[in-house]
Amino acid sequence: MTAEYGRESNSLDNLFSSKGLTWSLLGGITAPIFNAGKISAEYEIANEAQLQAMLAYRSTVLNAYMEVRNAMNDYQRTQQALIEQQRLLDASSEYVRLARLRYQNGVATSLDLMDAQRQHFSAELSLSESKRDKLLAMIALYRALRGGAPAKS
């Protein structure tokens with residue numbers, strides 16, 4: 001079988017031994033057949049990893065949407081509360097003015113005037129708290145929209 005002057009050669013003695021080149025080639029050809037389960041499992045793992053990444057992305061987008069929507073609702077709510085607190089302050093200012101007139105004309109007591117002033121002061125405090133809440137809501141909305149300087153690590 002070899003080109004050794006037409007006689008049988010000893011160089012093919014190990015043709016069918018486990019060290020032979022033929023068995024080595026045969027193992028390389030048949031390896032994918034025996035690893036089919038592994039390749040299929042790796043394919044399924046890759047598909048599941050892709051699905052998990054897609055679900056994580058979807059969750060992130062939905063969380064961001066909800067965060068922005070909640071921040072916008074809070075801002076609108078605090079803006080409306082600020083308008084109502086301003087109306088209350090205006091009404092209490094008028095009440096103080098009328099209580100002062102009544103006191104100066106002897107119709108009301110000083111206790112009535114002090115009560116009107118206390119209510120006016122309370123309305124002023126409520127208005128300042130509403131302004132603070134509106135500013136905090138604006139900051140929350142700004143953060144939800146990812147505004148501002150990047151966070152330091």
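Biologist: Is Asp-133 buried, partly exposed or exposed, and what is its relative accessible area?

Modeller: This is a predicted model, in which local features need pLDDT of at least 70, side-chain atom pairs count only at pLDDT 80 or more, and totals for chains, interfaces and linings use all residues. Residues are numbered from 1 along each chain as its sequence is written, and side-chain values use heavy atoms, with hydrogens and water left out. Buried means under 20% relative accessible area, exposed over 50%, and partly exposed in between (1.4 Å probe, protein chains only). Asp-133 is therefore partly exposed, its relative accessible area being 31%.

Biologist: Which side chain meets that of Asp-133 in a salt bridge, and at what N to O distance?

Modeller: A salt bridge requires a side-chain nitrogen of Lys or Arg within 4 Å of a carboxyl oxygen of Asp or Glu. Side chains of opposite charge can pair when their charged atoms come close. The partner of Asp-133 is Arg-132, at 2.8 Å.

Biologist: Which side chain of opposite charge is nearest to Lys-134, and how far away is it?

Modeller: For charge, Lys and Arg count as positive and Asp and Glu as negative, while His and the chain ends are not counted. Lys-134 is buried yet has no salt bridge. The nearest side chain of opposite charge is that of Asp-133, at 12 Å.

Biologist: Which residues does Lys-134 touch, not counting those up to four places away in sequence?

Modeller: Lys-134 lies in helix 3, residues 110-144; helices (H or I, at least four residues) and strands (E, at least two) are DSSP runs, numbered from the N terminus. Contact means heavy atoms within 4.5 Å. With that exclusion, Lys-134 touches Tyr-75, Thr-78, Gln-79 and Leu-82.

Biologist: What separates the C-alpha atoms of Gln-76 and Lys-134?

Modeller: Gln-76 belongs to helix 2, residues 36-104, and is partly exposed at 47% relative accessible area. Gln-76 and Lys-134 are 58 residues apart along the chain. Their C-alpha atoms are separated by 8.4 Å.

Biologist: How far apart are the end C-alpha atoms of helix 3, and what span should its 35 residues have?

Modeller: The expected span of a helix is 1.5 Å times one less than its number of residues. For the 35 residues of helix 3 this should give 51 Å, and the end C-alpha atoms agree, being apart by 51 Å.

Biologist: Why are Glu-94 and Arg-97 about one helical turn apart?

Modeller: An α-helix has 3.6 residues a turn, so residues three or four places apart point the same way. The side chains of Glu-94 and Arg-97 meet in a salt bridge at 2.6 Å, N to O. Their separation is about one helical turn because they lie in helix 2 at a spacing of three residues.

Biologist: How many salt bridges does a search of the whole structure find?

Modeller: The chain has three helices and zero strands, and 15% of its 153 residues count as buried. Across the whole structure, the number of salt bridges found is six.
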